[in-house]
Amino acid sequence: MSVIKIYLSLLAVLFIGLGTAHADKAARLKRIDDKERAYWFFQKLADPATPKTNNSKWPKNEIDHFILAKLETQNIQPAKEADARTLIRRASFDLIGMPPSHQEILDFEKAYAANADTAMEKLVDRLLQSPHYGERWGRHWLDLVRYGESNGYKADEYRPHMWRYRDWVIDAFNADMPYDQFTRYQIAGDELAPNDPAAITATGYLRLWPYESNQRDVVKQWNGITDEVTDITGAVFMGLSVGCAKCHDHKFDPILHDDYYRMKSFFAGIYPDDSIVATTPQQKKAYAEAMKPWLKATAGIRKDIDKLLASRKAGETKAAVKMFHPDLQKIYHKADKHCSPWELQQKLFIQRQVDVKHKSTATKLKGAEKKRYAELAKKLAQFDNIKPAELIAVDAIRDTAQESPTVLIADSDNKEPMLPGFLTLLDPDDAKLSPPQNLDHPSSGRRSALAKWLTRPDNQLSTRVIVNRLWYYHFGQGIVSSTNEFGKQGLPPTHPLLLDWMARNFTENGWSLKKMHKLILTSATWRQASLVEPSMAAAQNDPGNLLWWRQNIRRLEGESIHDAMLASSQELDPEMGGEGVPESKLRRAVYQKLMRNPRTLFLNTFDGPDGFSSCSSRDITTTAPQALMMLNNRFPMQRAQTIANQLTKSKNKNVAPLIDQAFETILKRQPTSEESSQAADFLKQQALLVKTSPPVKTTTSKMVPKIKTTPFKPFKAKVAGLSTQAVNIQPDSLYQKIELTKLKHQENDTFTIEAYLHLDALYDNAAVRTIASRWNGNSSGTAESYGWSFGITSKKSAYQPNNLIMQFTAENIAGNPLYQVIASDLRIPTQTPYYVAAVIRTGKNGGDVTFYAQDLSKKDSPLQIVVKPHKLVAGISNPKRALVLGGRDQTLSSMFDGSIARFTLTDHALKTEQLLIKGAKAKNPLSDLSFVKASLPSNLVRLLPSGPKPTSTPADPFYQSVVDLCHSLLNSNEFLYID
C-alpha cells in the first residue's frame, strides 16, 4: 500500500469514524426500529382542520383558533390586545428592525381608532414593502449560515467579495423570493440557473466555512470543511444535528452512520473558485470583446513582466509546494487530465497557497529588477484607459469535475463508496442525479438533487423548520423551542398541528415569507399585550407562556439597538448594500464589516453571533459590560450629543418643551406629568453638578525651564536646501515640545512625515523618543485615544533600542479599536545627524508604512527603505489631538531629546523621488518647518510643561445636562426592549 493510501486510511479513521458501510438498502432499513419511525418530526405533514373554540369573537385567523383551542383546555383566557403605540413599535422592530417615527405612531393611532384590523393590515403591508425589511430579515438568515467576511483562525484574512452574498440575501428577502427558490439557489444555483448572476452569487452560502490559509494538511482540512458544510446544511434546512452520525449511528434519532456520508456526498465535489464572476453570458461576451484591444496593445509588456517574474515565481512555487506531504507534491505536479477528481481537488487547494505567494512576488524585487518592473508597470498603466471594468467577482463555488471524489467510511477490509442520498428513513434509495449540460464548467448535479429534495412541498423537515423560524422571530420562542434541533435532543412542539397547518399554508401560498409574516402579525395571538397580570389558571398551568396567552417581552438585538440610536439622532445613512464598512460609519449595523476575529465591539457585547457556528437564536444576557458599553462607549454618547444639539439649537432654556421633544425623539411618545417633573429636576441637578465642578487646572504660561540650554544650535550635516540651524528639543527645557497650529487642514489617514534630526540620548527604560505625534499616548480603545506617533525606541524596548517606529491606535477592518506598533528595524544612532521619514498609507483593508532613513554624517550613505504592513483602516489622524513636535499631546512622557533641523508633514503619500532627501521641493505641505532664525515660526505654539493647553470656554451646564438626559433615555429599558 502506498504512503498516500496509508495516510488517507489513517485520516479516515481519525476524521470520518469507524464503522461498516451498509450500502444495501434493506440492511440499512432494518437498523431503524418502529419507535424511531414513530417520532413526530419524521411523520408526514398532517392536514388538520381548523379547531372549533368556545370563544368565537377573539380569533382573527386560523392561527388564533389553534392557539385558543389549547388555552381553553387549560381554562386560560388570552390577554387583551396591546395598544396602538405598542403594536406599531412591535411591528416595526419585527419587520424592519427600527422604531417608527413619532408622526408614524400618531397616524397609526388615529387609523387604529377608526378600524383596528384595517389599520394593522395596512401597517404590515407598508412595512413589508420597505427596503429595510430585507436588511432586518437578511440579518436573521446571516446568523443561521454563520456569515462572516474573513477566513477566521489566526490570520483571519479578509474575503473581499463575501459581502455580495449578504446583499443577495437582503435583495432576495425584499423581493419575497419564494423560499424554495431561495434554498435551491444557495445549494445549487450554479447548476440550476448558471446564466443568472444572482444564482451564482447565492452559492456564497457554500463559501462561509472558516479556512486556514496556511494549513499544509489539505486532505484533513478539506475533509473538515465538507463535514462542516454537511452539518450546517442539516441544522439550517433540516433542523437536525446530522453531525452526531459522523462516527456512528445517531444515538437518539434515526439518522444512520451511512446517512451522514450519503449527505456529505452531495458536497464532495465542490471547490472555492476565486475566478467566478456573477455575470450573464452576454456580459461575459461583451467583456471578452472589450478586452481584445487591451490584450493586443499590452501583449509585449505583459510578456516582459511574466519573464521578469518567472524565475522568482518558480522558486516561490517550489518552496510552497515543498511544505506539503511528499505524496501531495506528486499530485500537484501531475497534469490535470491524469488526476482523479479527488486528486484534482487537492491540487487546487495546494494551488491556492501558491497563488498567495505569487501575489507579492513583485514587491520582493530588488535593484535593477525592481527598477525594470516599475518601468514596465508604468508602461502597462498607460493602457488603463482602454481596459474595460472588471466583471463582478464573487466568493462562490463550483464542482471540480462531473465526477465527484469518492466518499468513504473506514472499513476493516474494504471501502464501499457512499453515493449521494437522503435520510434512509425518508428515502432509502440513492439520489437520482442529472448532471447539468452546457455549463462553462463540468458539474455533477449532486447539489441540484439535494436542493430539489429539500424544497419538495411534502418535505416534512424543511417546511416545518422554516415556519417555526418565523414564529420564533415574531414571538421570541418557537413552537419548537430548539429551532435548529427538531430531533429527540430538542424540545417537542407545543402546537404540532398548528405547525403542520402553517407549513402546508406556506407551500400552498407559493413559499412566500411575506404572506406568512402578514398572517402572523394580523393574528390576535401576536397582537396580545405582554404587560399583563397572569390569571390563576395561567400562573398554575402555563407559567412559562408556552401556550401564548400573552405576547413576550423581548430585548432588542445589538443591531437594532445600534440602528435605533442612529434613527433617533437622525444620523442614519440610508445607503444600502456594498462592501462592509467600519463601525464608525453611520450605516445600518448589517453593513458593518464582520471579521471573525475580532468581532465588532458594540454588537459582540450585545450577544452577537460568533460567525463560526449556526446561530438559530441569540443569547439574551444582562451583563456589566453591556451597561458599561452604553454608559462609556463613544457611540451612545455621540448619539446623545447629536440629539442634545438638535434640542438646544434655539437657545431657549425653557425645559418643558425640551423634555417633551427629548421623549418624542428617543421614546417616540410624550412624557407623563410625573416623568416631566423628574426630568426637570434631573436637568437642574445635572446643570448644577457641571457648574460647580472644579475647573481643569493648567500651568501658568510663565515658564522657568529646569534645564538651562540653548534653544537653537547649529545642525552639523550639510544637505542641500537644509538650514544650518536646528531647534533644540529637550525635556524640561525651553522648547521641550512644540505644538504645530494653523494647518490648512487635517492630514487624514494617508500622509507623509519627514525630519532631519540629531538624537542626543535614549531613555534608560522602554519609553519612546517621540519625533512627532498626534496622540496622547493612550491605547485604551476610546475615540479620544486614537492617533499616531513617530519615534525611536529606547534601551529596554521590546523592539530593541534605536528602532524607528510608528505607533497607532485606530480602527481595524472590523471597526474595533486596535493599538499597533509598526517597527522598521532601521536603527537611528545617537549623536549622529539623520534623515528619517515615514509614508503612511491607509486603505479599506489596512495599509502599510514605508520607512526611510539615511545617515547624513557619511558621504554617499545609502537611503534605507523598509515597507511594513498595518491592519488599520480609519481614525489614525485624530482631529481631537494636537500635532506635536518632540512629544505627545497633553503628556510629559516619551519626549524627544535632541535637535530637529527640518520637519515636513504632507497630506498624501509621497513617492521616493518626491522626498526632500532626493532633492525634491516640498509641494503644498501642511507644514514645512526649518529654523533659520533663533525663534519659533509664527505657526508654532510652545507647549506648557504640564502638557495641556489652557482650557477653552467652560462647558455649558444646561447643554451638558440635556446630553445627560438624552443619554439616560437611550439607556432606558423602554428604549432597549419591545413589548
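A residue counts as buried under 20% relative accessible area, as exposed over 50%, and as partly exposed in between. Tyr-153 has 43% relative accessibility, so Tyr-153 is partly exposed. The model is predicted.

- Tyr-153 sits in the loop between α8 (132-144) and α9 (163-174).
- Tyr-153 is not a glycine, yet its phi is positive, at about 60 degrees.
- Gln-570 also has a positive phi of about 60 degrees, and it is not a glycine either.
- The loop that holds Gln-570 runs between α23 and α24 (601-605).
- Gln-570 has a relative accessible area of 65%, so Gln-570 is exposed.

**Strand β8 and its partners**

- Strand β8 covers residues 769-774, and six of its six residues are buried.
- One partner of β8 is strand β9 (residues 787-792); the two are antiparallel and share five bridges.
- Another partner is strand β16 (residues 883-885), joined to β8 by two bridges and also antiparallel.
- Ala-772 bridges to Phe-790 in β9.
- Ala-772 also has a bridge partner in β16, namely Leu-885.
- In a regular strand, side chains alternate between the two faces of the sheet.

**Aromatic rings**

- The whole structure holds 41 aromatic pairs.
- In the pair of Trp-222 and Phe-349, the ring centres are 4.7 Å apart and the planes meet at 45 degrees, so the pair is tilted.
- Trp-222 belongs to helix α12 (residues 218-238) and Phe-349 to helix α16 (residues 341-359), so this pair ties together parts 127 residues apart in sequence.
- Trp-222 is buried, because its relative accessibility is 4%.
- Phe-349 is buried too, because its relative accessibility is 1%.
- One aromatic cluster includes Tyr-133, Trp-141, Tyr-147, Tyr-165, Trp-168 and Phe-173.
- Other members of that cluster include Tyr-179, Phe-182, Tyr-205, Phe-237, Phe-506 and Trp-511.

**Arginines over rings**

- Arg-639 lies over the face of Phe-635, 4.7 Å from the ring centre.
- Arg-769 lies over the face of Tyr-763, 3.6 Å from the ring centre.

**Helix α29**

- Helix α29 (residues 957-970) has 14 residues; at 1.5 Å a residue, it should span 20 Å.
- The expected span uses one less than the number of residues, times 1.5 Å.
- Helix α29 is mostly covered, with 10 of its 14 residues buried.
- The buried residues of α29 include Phe-958, Ser-961, Val-962, Val-963 and Asp-964.
- Also buried in α29 are Leu-965, Cys-966, His-967, Leu-969 and Leu-970.
- Among the elements that cover these buried residues are α23 (558-568), α25 (624-632) and α26 (634-647).
- The cover also includes α27 (655-666), α28 (673-692) and α30 (973-976).
- Asp-956 caps the N-terminal end of α29.
- In this cap, a side-chain oxygen of Asp-956 lies 3.1 Å from the backbone nitrogen of Phe-958.

**His-474: buried or partly exposed?**

- His-474 has 0% relative accessibility, so His-474 counts as buried.
- Its place is in helix α19 (residues 460-475).
- Leaving aside neighbours within four places in sequence, His-474 is in contact with residues including Asp-94, Leu-95, Trp-137 and His-517.

**His-65: buried or partly exposed?**

- His-65 has 22% relative accessibility, so His-65 counts as partly exposed.
- His-65 lies in helix α4 (residues 62-73).
- Leaving aside neighbours within four places in sequence, His-65 is in contact with Thr-50, Pro-51, Thr-53 and Pro-59.
- The backbone oxygen of Pro-51 lies 3.4 Å from a polar atom of the His-65 side chain.
- The C-alpha atoms of His-65 and Ala-837 are separated by 76 Å, and the two residues are 772 residues apart along the chain.

Technical notes
Residues are numbered from 1 along each chain as its sequence is written. This is a predicted model: local features need pLDDT of at least 70, side-chain atom pairs count only at pLDDT 80 or more; totals for chains, interfaces and linings use all residues. Side-chain values use heavy atoms; hydrogens and water are left out. Buried means under 20% relative accessible area, exposed over 50%, partly exposed in between (1.4 Å probe, protein chains only). Helices (H or I, at least four residues) and strands (E, at least two) are DSSP runs, numbered from the N terminus. Two strands pair if DSSP finds at least two bridges between them. Rings of Phe, Tyr and Trp (its six-membered ring) pair if their centres lie within 6.5 Å; planes under 30 degrees apart count as stacked, over 60 as edge-to-face and the rest as tilted. A charge sits over a ring if NZ of Lys or CZ of Arg is within 6 Å of the ring centre and within 35 degrees of the ring normal. Contact means heavy atoms within 4.5 Å. A polar contact is a pair of N or O atoms within 3.5 Å; within protein, one must be able to donate a hydrogen and the other to accept it, and residues adjacent in sequence count only if both atoms are side-chain atoms.
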